[in-house]
Each structure stands twice: as C-alpha cells, then as structure tokens.
Amino acid sequence: MSPELLTDAAWALGMGLVGAMVFALIGLVSGTDETATVAPLTLLVVLLGVPAPGVFTFFMAGIVAKHITHAIPTTLLGIPGDTMAVPMLRDAQMLRELGVPHIALRKAISGGVVAAFISVPLAVLFAWLLSPFADTIGRAAPWIFVAAAVLIAYTSKGRLASVLALVPFVLLVVGLQAFVTNTTGTSLSISFFLGIATGPLIADLLMALSPSGRASLRREAPRTFDLAPDTRTWKGRLPNPLKVLDRKQLGYTSAAAGVSSATFVFSPVAMTVLMGEIAGARIKNGYHRLTSVMSVRNGTTESTYIAETLIPLIALGLPLSPMAAGPAAPLFNAPPVYTVDTETGATNNLHDLLSGGEFLVYGLLGVALASAVAYPFAMTYAHRAASFVMRKVSHEAIIGAFAGLIMVICLYEGGLLAVGVTLTVGLVGGLLNKFLNMHTGVQFMGFYVAVLTVPALLALVG
C-alpha cells in the first residue's frame, strides 16, 4: 500500500469517526435541521483543508449517524429529530400509545442501517450508468437547473406557490450578487448558501423580536414526556439489525432502499412518505404494519440522502438534486476549495478528486463507522440519552454555537457585507419556508438558477 493511499485511508477513518460521533450527538437534539447542521459543519471541514477522502467520509458518516439517532426524540418523545423524521411521527405516536416506543425506535434505526448499506453500492451503480451522458448534461446544465428547480418546487408542500416564489427569490440573489460584485470586485457563494441553510432559524429569531411574532412562538407550559426504560431484547454483545427486523420487514426495507436509490431528483421527504404508504398498504396486521412502516420510512431517509448525494456527485459533479443542493452542497461548491464554474459548468470538487471505486469504499466506510458508533448507542442508551438531552442540553446554547460558526465563516468570505447578505437571504428564505412551504432545497436550486441559468439566458437574448 502506497504512502498516499495510507494517508487517505487514515484521514477517511479519522474524519469518519469524528463525523459519526458529532452527528450521533446532534441527532439527539430535536429540531436540528439537516441543512442547518450538516452543511455548515461539512463546509467548515472543507475550508480547514481536510483531504477529499476525509471530507467525504465525514459527511457520509454524519448523515447516517444523524438519521439513526434522530429516531430517538421522534419515537420516544414525539418531537421530530429533524425534517426527515416528520413522516414517522404519526406511526411513532400510535406505537407509543400501544406502550412500545422502544420497539418503534429499534425497528426504525435497524431499517436505517440496512438501507444505508444497500444504498451506497446501488447509488454508485446508477451513477456509473449515468456517467456516459455527463458531458451532454454539463452543457445543458443551465437549462436543467431551471427545470429541476421548477420540478422540485412543485413537488414540495408549497406546490405552485413555491414555483412562483422562485422568480422574486432568484431576482433577489441576482441583485445581491451584482451589488456585492460591484462593491468589492468579488462575488460571494458561501454566504448565500449559509443564509438559505439557516433561513428558518433566522426568521424565527427575528419573529421573536416582534410582539405578534413572539406571541405565536410562546409556549404556555413545559412539555412533559413518559419514557420507556432501556431494555435489552437481543442476545450477544452487539445488536444485529438483520435479527431485529423480520423477513418481511427486511424485504420491504430493502426494496424501498433500492427504488429510492434510483429516484435522485425527487424530494427526500416525499419519497419517505411514499415508500411508507406503499409498504403499509400491503400489510393487514395493525401492529406489524406500524413497525414495518417505521423501518421502511427511516430506511428511506438514509437511502434518499445517500443516493441524492452520490449520483450527481459521481456522474455529474453538479448539485442536481434537493439533497445535493442542500445539506451536501459543500461537497460540490465551497470556494475557494471546491468550485462550480458559473459560466461553463466546469467543476473542481469531489467529482474530480475521487474515483468511483473510492466513492464506494469510503462511502461504505462512512456507513460502517456510523453504524458501529450510533446504532449500539441508540439501541442501548436511548432512554438515558433522551432524558439527558431534555433535562440538561440548552437549545439556546446550540443555536448560539451555530450562529457563531456562521458569523466566522461569513466574515472569512466577505466581511460584514457577507454577514448582511446571509441575514437578508436567510430572512427572506426563512419567511418563504414558514409561510409558503418553500423549503431550503427549492431555495438552493433557485440560487443555482441565479448563478447559472440567468447569465446563460442574458447571453442568449443579447
């Protein structure tokens, strides 16, 4: 083994462990949206100069670990761990009413682990099949982005409202970018990205300063929770997800992972809901249906995130999926380290730095590390972890830490002007998200329409 390969493997192993541990803990905190947490920390890793294998393994281990532990607040407390956990709330609530929240948790996280291992090789295969068309897709990228933006907007909860809101949002990005370029002589990218990622948070913080907005956010009394005790229901030292799920649940989860690994242009939340409904409709027994749907839906959260990252990253190098334009965006565009040329569509990112085989190996390594860290922890200590987070962890401190991280990155890119851009885009995007259900994936696609499609359109018309 060459010294370069040993170095890459060491970076991948080390950063994968860091990603698994950090995001396993973050997943315990309810409401920690993936875009607002995974994206900034991945961006920080990129800007710190971590080699490509380390960046990729950190990201893969992070998303898998988070989607394992996000099931803890979702199933035990009835609070969604993040956006992708929302489709599981109803089934988790029904299982809590039956007195088996621990079963809901174990079925969900076992389905996630199984789906993650299935999704990585399938996503690499689908990317390989798509790779021969990469040059053609690259030349058509400006027009593909606008079509994808409209499609993703229409399939979001906002439907036609999200599609129409794309126009003023794109114009806002174009105007701010032109103003910044004319003022400083350089353009911004990271600050727009951070503004979109943290938009809901910025909107809520500013609403809290308004009397009417503060009234809508106020809670009359603390919430109370009943937690089931931690119980051991498996033999041996470590739990085995293949034994936690029965044969039918393994089959449904595997099939859902296979289908969702190919549909990389659709909303991950929509795919999670759809796969759960298809599986649930085929099962008559109520208890078995609820536990099966939990495993299928949490498995789909893993497979969609993995496939929507790997397929565009390996085949194209362009962020042509809701996931690639959201939490995974730093893997595609994190100037000055990773870039996408807004005029030609040329890329300098992980697409160019890692081979298909490396994506497969490091992707499976990230999944394995996350499973080794987060899965036994969630299976064994879910009650104690959920209780500790609800009693001891300050959500305000977490918000403050991420706000400080965002300030540092913005000041690094463009000083106070970049901070202003982040706040402006975040406020507008957050309000669009809150009132029109125009989620961050749609807004990220709008950003790429502004920097790729609008210049191409202006050149076309003269």
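This is a predicted model: local features need pLDDT of at least 70, side-chain atom pairs count only at pLDDT 80 or more; totals for chains, interfaces and linings use all residues.

**Entry 1: α14 and α16.** The crossing itself is right-handed.

Next I looked up who touches whom. On the α14 side I listed K248, Q249, Y252, T253, A256, A257 and S260. From α16 the contact takes in H288, T291, S292, S295, V296, T300, S303, T304 and A307. What kinds of residues are these, by class? I got five nonpolar, 10 polar and one charged for the contact of α14 with α16.

**Entry 2: α8 and α9.** Then I picked another pair, helix α8 (residues 141–154) and helix α9 (residues 160–184). I noted an angle of about 140° for their packing, and axes 7 Å apart. This crossing is right-handed. In α8 the residues involved are A149, V150, A153 and Y154, and they meet L160, S162, V163 and L166 in α9. Sorted by class, the contact of α8 with α9 has seven nonpolar residues, one polar and no charged ones.

**Entry 3: a loop residue.** I clicked on A281 and found it in the loop between α15 (268–280) and α16. Is A281 buried or exposed? Its relative accessibility is 68%, and the cut-off for exposed is over 50%, so A281 counts as exposed. I also checked A281 against F126: they are 155 residues apart in sequence, and their C-alpha atoms are 28 Å apart in space.

**Entry 4: the nonpolar cores.** Last, I went inside. The largest nonpolar core has 129 residues. Which of them touch the most other members? My list reads F56, I63, F145, I306, L310 and L350. Helix α19 (residues 356–392) gives this core its largest share, 12 residues.

I zoomed in on I306 and skipped residues up to four places away in sequence. That left M60, I63, V64, A116, S119, V120 and V367 as the residues I306 touches. There is also a second, separate core of five residues, and I spotted M271, M275, A279 and V296 among them. I had V296 in my notes already, as one of the α16 residues in the contact with α14.

Terms used: Residues are numbered from 1 along each chain as its sequence is written. Side-chain values use heavy atoms; hydrogens and water are left out. Axes are lines fitted to C-alpha atoms, for helices over the stretch in contact, and angles run from 0 to 180 degrees between N-to-C directions. Helices (H or I, at least four residues) and strands (E, at least two) are DSSP runs, numbered from the N terminus. A crossing is left-handed if the near helix is turned anticlockwise from the far one by less than a right angle, and right-handed if clockwise. Contact means heavy atoms within 4.5 Å. Ala, Val, Leu, Ile, Met, Phe, Trp, Tyr, Cys and Pro count as nonpolar, Asp, Glu, Lys and Arg as charged, and the others, Gly among them, as polar. Buried means under 20% relative accessible area, exposed over 50%, partly exposed in between (1.4 Å probe, protein chains only). A nonpolar core is a set of buried Ala, Val, Leu, Ile, Met, Phe, Trp, Tyr and Cys residues joined through side-chain atoms within 4.5 Å.
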